[in-house]
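Please look over the structure shown here before reading on.

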Amino acid sequence: MEKKNYSGTEYDKAREQVDLKQAEHISWDDLISMKFLEDQNQTIEDWNRQARSFVPGWINLSKEDWQAICRGKQEEEKRRLDVRQRGEEATIRSSQELNSAVIPQSEGSSWQKYKRRLRENGFSSASVDQIEEQTLNILHQLSSRTDPGKPIKGLVVGNVQSGKTASMAGLMAMAADNGWNFFIVLTGPTTSLRDQTEARLRNDLMDYSGNLSWDYLNYANLGDRRFNYSVVQNPKRILFTVCLKNAARLNQLHKFLEKAPNPEALKILIIDDEGDQASINTGDITKDKRTSINRNIIDLVYGKEKKGKELRPFGALNYVIYTATPYANCLNEGPDKNHGENLYPNHFISMLAPGGGYFGPKTIFEAEEEEDRNRLDVVNLIGRDQEREMRELEKGETRTLPVSLQDSILWFICAAAIYRYRNIIKPVSMLIHTSMRVNDQDEVYEAVESWLNAIQNNAVGRCRTVYEEQKKKLTLKDFKASFPAYESLDEVEDYPDFEELVPFIRTLISHVTTIHLEEEDKYEFSYDKGILLCEDNSSKNKDSDDKHYRLAYPDRAKLKELGFGPAFIVVGGNTLSRGLTLEGLVSSYFLRNSQQGDSLMQMGRWFGYRKGYELLPRIWMTEDSFEKFQFLAELDNDLRSQVSLMSQMGKKPEEFAVAIATSPRLSWLRPTSRNKSQSAETVRVDFAGTEMQLLTYLSDPHIVEKNNRILEEFLKHLGKPEISEADGHSGIWTNVPYTDIARDVFEKGFTVAPTSRTFQDTDELLKWVEEETKKGSFRNWTVVLAGTKPGRENRSSFALNPDFSIGKVQRSWAATAPDRFSMKALSIKRDYVAHLKKKDFPAQSADGLTWENMIRDESISSSYRNYIQKAGKSDVPLMLIYCIDSDSNEKGPAGSPRRTLKDLGIQNGIFGITFVIPGIRGKHGVKMKIKLKQESGDEEDGD
């Protein structure tokens, strides 16, 4: 019997009834068993009949249906609780009083109509509930009545391609129902991004059958002297505009507002999409210089006209920044106090957690833990020889595509064929992003076009080879093991047999063309069943003959007319780097290099939701880029953990200063550019909140033996360990003086590889801890000898003494130089709670942070800090020691011969170390403690 899918919209009314019963404080057990019924003898037929009489649209349910829906809602609630526990979602706010906005319940309200639109567009009920909760939280931070010159300013931090536009539209819909009536969305600076944002908002909000009527103001409307401002007086009319972030468009918007005859009637919400781009003042702030766009936006936010005079007071002015990379927003200019007018989010900073179907930095790039169980293996590394060949191609020195680029295109053809085989009538895309230079992109475009036309006769055979290779890289079993929290796990489809794809591959490869214009006098596009090759950059604004080179996706009506999903290969650079969504992105060939973290993260167009093609996305990039994205994944976790802890501690936005997670020697990556972080000053190296894993090792057997001997003698000196209550096998020593660690490990000559990314500043760490110890912090440490349960199959053990043994761990490694090797990760987060005890936890806790939940949590991830805090151990530094098995394999392609550490002359394993330092900062490498410059008064360090 086929399993029912209870996520469909036909069950929404039943889910709403579950919510109502939950609001009446009925327990899950009573809901599932239907004990809430007044008459326990009532039949299910009677109950359905009664429900139909007062719930329009109710469908008949069996008892099993109701129970399944309740259990699904219970799982959703648990996932939301887990999100909060992990610190992925939190808000720090000023002392500003929250408003009394409510969730509109009327079927004709903009919010309820928007919710239905989300469900029709494929959003799960869990995702819609999450958006509703997040939207109400943001709306509560705003004000429907502000004083002149005192706008509400906030920051909402999402993830790249995680649904920020859905959140923006939701905020506008719910705010309109609660009295706001004029919405300004700042976007760009590219017209393609502005157009995409406008199209989405118009589609989501402009429904004239509801309680409110939404009127869109385009560029012509804003400049129309005959515009009828009386619509503002109508409480049923809502105005909104999407304004490109350039001086001319902003000037026009200013003029429109200046002419409003009754500004008190306008309750304005300004949403700055990608607010860390273009909006930031890159002028010299020490000389009070501002860029034109920044000046325009400040005047807009503060209700000033171009000449600097205050306008008549608007009813309300609220400014909300949306971005996934907020470093510039918090580092460039300090809060209003002592600063005057700027765009610092001094009222609230809120973190948005993505939905349960999001493929994000953690999913793809999270540092590997034991046996590579965490991230999805979708990245193919581009070797240096291949990268060099690509650079030669860009210069026009060759027309031969590197093998890696060929493979990425062949995979795209296979994935597009799967789309056609499954009858997915949506666009499917490939991104080729190797250079920001237009001339380079021209060369790549022409070479790809020539190659596609040349391989038509043998494309099927070549696709078959790549298809089988990539299928092995990520199997359905691998996906389910790596992404158990995926919200539609049971619906993920396996790869079809290759023979089923052959006719679709032949059709795709038979015709390589651009998008065509249908008629000369109508700007409409024609889409072919073959491959549509596009080049998207500033030089391709004009069409040639009947060809349109830039990317232009068909709308829903056109897709319905076509009856198939067009397949796009897009060559481009900066125009594809931020905001713009590449639909159905299944193959990405990426060779860009950036020294700035925010720019690099925004280039990750492969992040997002992949419902219906979960196994298909693949990425080709260099190892350097891969490591940088791993770093950025950890930096994102750090930022969220910091906001979560600050929220728990009652900190305010003006106290917020981002802890830049970078070593002073890691010059290859900054969180943002220098001219976007002008208020950040390096004060001193600060290791608070740091996790430092020793990942790079010298392979000289003499150094390995010396280090092993030092750590073994140190452990024996500590005496008999206590056995971990949390895992049953780790050795625990508490109250270990820091002076013992310094004396018996580092002063005895424990040697660290000079290129170790995380341990290269050992001297700085020791000096810093020494200083903190003198202040009374970090005097007593907990040491954990972590590993596996002794006697585990295929694992040897380390015997510390006759009474205690620990199983060695296996970690994959790669030779990074003739004399050294590196691992991607040493520790797993579960080891960070090995020292906790049941007696330290309350029997019950509303936040779910109980001993039982910690033991059951198989992937503790960043929530380990919350468990440590709940147990009252958040001020205890940890030193974790591992014995790594000499049988650990070298990392390499599946099926290829791989060495073990024994082949490097390491016969008895090697000890590794991790330090976990308390604090509310981030956790990757050395942190530069920063402070925000104040124009007057004392300078205060950021926490």
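A residue is called buried under 20% relative accessible area, exposed over 50% and partly exposed in between, with a 1.4 Å probe and protein chains only. The model is predicted, so that local features need pLDDT of at least 70 and side-chain atom pairs count only at pLDDT 80 or more, while totals for chains, interfaces and linings use all residues. Residues are numbered from 1 along each chain as its sequence is written, and side-chain values use heavy atoms, with hydrogens and water left out.

**Salt bridges**

Where a side-chain nitrogen of Lys or Arg lies within 4 Å of a carboxyl oxygen of Asp or Glu, a salt bridge is counted, and the model holds 38 salt bridges by this rule.

| Aspartate 12 | Arginine 119 | 2.9 Å |

Helices (H or I, at least four residues) and strands (E, at least two) are DSSP runs, numbered from the N terminus. Aspartate 12 is buried at 17% relative accessible area, and arginine 119 is likewise buried, at 9%. Within helix α5, arginine 117 and glutamate 120 are three residues apart, about one turn of the helix; arginine 117 is buried at 17%, whereas glutamate 120 is exposed at 60%. Aspartate 215 belongs to strand β4 and arginine 237 to strand β5 (residues 237-244), so this pair ties together parts 22 residues apart in sequence. Of these two, aspartate 215 is buried at 17% and arginine 237 partly exposed at 27%.

**The sheet**

Two strands pair if DSSP finds at least two bridges between them. Eight strands make up an open sheet of mixed pairing, in the order β1-β8-β2-β7-β6-β3-β5-β4. The edges are taken by β1 (91-93) and β4 (213-216), each with a single partner strand, so one side of each lacks a neighbour in the sheet. Strand β1 runs antiparallel to β8 (residues 348-351), to which three bridges join it, and threonine 91 has serine 350 in β8 as its bridge partner.

**A pocket lining**

The lining of the second largest pocket draws at least two residues from each of α1 (12-23), α4 (63-85), α5 (110-120) and α6 (125-141). Its largest share, nine residues, comes from α1.
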